[in-house]
Amino acid sequence: MPRTLPRIVLPESREAPSITLPAIGQGTWYMGENLVPRQQEVAALRHGLDLGLRLIDTAEMYGDGGAEEVVGEALRGRRDDAFVVSKVYPWNAGRDSAIAACERSLERLGIDCLDLYLLHWPGNIPLEETLEAFERLRDQGKIRRFGVSNFDADNLRALDAIPAAAECATDQVLYHLGSRGIEVDIIPWMQDHHIPVMAYCPLAQGGRLRSKLLSSSVVNEIAAKHAASAAQILLAWVIRPTGVSQDGARGVIAIPKASSPAHVEANAKALEIELDSDDLTQLDDAFPAPREPVSLDIV
């Protein structure tokens with residue numbers, strides 16, 4: 001019997017039914033900044049849609065809106081194929097400023113409604129005010145769901161005290177094999193509230209730590225065993241079946257960025273890798289999770 005590929009379920013909200021998505025999506029950080037040809041970035045996102053990687057994550061911060069423009073180009077004629085996520089700066093998350101910021105994002109994206117709108121990180125504007133704006137945006141048909149990003153356990157507990165937070169769809173946080181602090185307090189909180197985690201930088205964000213993970217003898221031995229690359233093993237680990245619900249959906253979706261169709265294809269193939277208990281034990285031994293709460297990693 002064919003194996004069901006890993007997926008996550010975003011719960012039903014007041015204005016949207018529950019939705020099932022592949023457990024790997026597409027990130028866009030650093031797109032729209034002329035680091036690679038624009039049409040290559042567009043082609044990568046469109047190829048991801050062809051492969052079923054429906055979730056595309058972006059933000060008004062990325063390239064000062066340039067990434068949203070790239071996504072908008074990729075979405076032309078393909079809107080129904082995509083689940084589009086964007087994020088608002090904390091200083092734009094006020095009662096009225098969030099409305100204006102969302103409208104600017106929609107214009108750059110060339111769409112009428114975001115599937116998910118996130119507060120990019122905690123700021124000085126009261127959460128109650130931000131959530132009020134999010135509810136207004138949803139009532140106006142400009143977003144379908146809302147959530148948060150870079151919220152640590154204390155932030156989540158503060159959020160939980162606000163009635164509108166019952167509609168929170170996700171917390172997007174940094175998570176990879178070399179940064180496992182969210183396993184101590186954030187993932188358990190999310191599981192208790194039946195909310196999936198969205199993992200950015202699932203391959204680590206450049207630098208020596210990324211090199212350490214990709215060059216790890218343990219990671220590469222497991223990669224050879226699965227006829228995969230080290231990067232694919234790291235992605236498969238992030239979406240491993242921890243906190244699987246009764247319907248088989250998992251609790252984490254990874255959103256790696258890829259700037260070429262070949263890179264997107266490699267990311268998509270990570271969905272087909274099923275790490276066994278021996279693999280997971282070896283990775284736990286090589287890169288153990290902390291036992292006590294630690295500060296949330298943010299880049």
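This is a predicted model: local features need pLDDT of at least 70, side-chain atom pairs count only at pLDDT 80 or more; totals for chains, interfaces and linings use all residues.
**Entry 1: overall fold**

I started by counting secondary structure: the chain has eleven helices and ten strands.

**Entry 2: size**

Next I looked up the dimensions. Along the principal axes, the C-alpha atoms fill a box of roughly 55 × 45 × 40 Å. I then checked the radius of gyration, which is 18 Å; a compact globule of 299 residues would come in near 19 Å, so the chain agrees with that.

I wanted to know how much of the chain is tucked away. Buried residues account for 52% of the 299. As for the surface, the chain exposes about 13,000 Å², and 48% of that comes from carbon and sulfur atoms.

**Entry 3: helix α9**

Then I zoomed in on α9, residues 230-238. Is this helix mostly covered or mostly open? It is mostly covered, with eight of its nine residues buried. I wrote down the buried ones: A230, Q232, I233, L234, L235, A236, W237 and V238.

What covers them? On the helix side, I found that the cover includes α7 (207-215), α8 (217-225), α10 (261-269) and α11 (277-286). Strands β9 (197-200) and β10 (252-254) are also among the elements covering the buried residues of α9.

Definitions and conventions
Residues are numbered from 1 along each chain as its sequence is written. Side-chain values use heavy atoms; hydrogens and water are left out. Helices (H or I, at least four residues) and strands (E, at least two) are DSSP runs, numbered from the N terminus. The radius of gyration is taken over C-alpha atoms; the globule rule is 2.2 Å times the number of residues to the power 0.38. Buried means under 20% relative accessible area, exposed over 50%, partly exposed in between (1.4 Å probe, protein chains only). Accessible areas come from the Shrake-Rupley method with a 1.4 Å probe; for residues, only the protein chains shown count as cover. Contact means heavy atoms within 4.5 Å.
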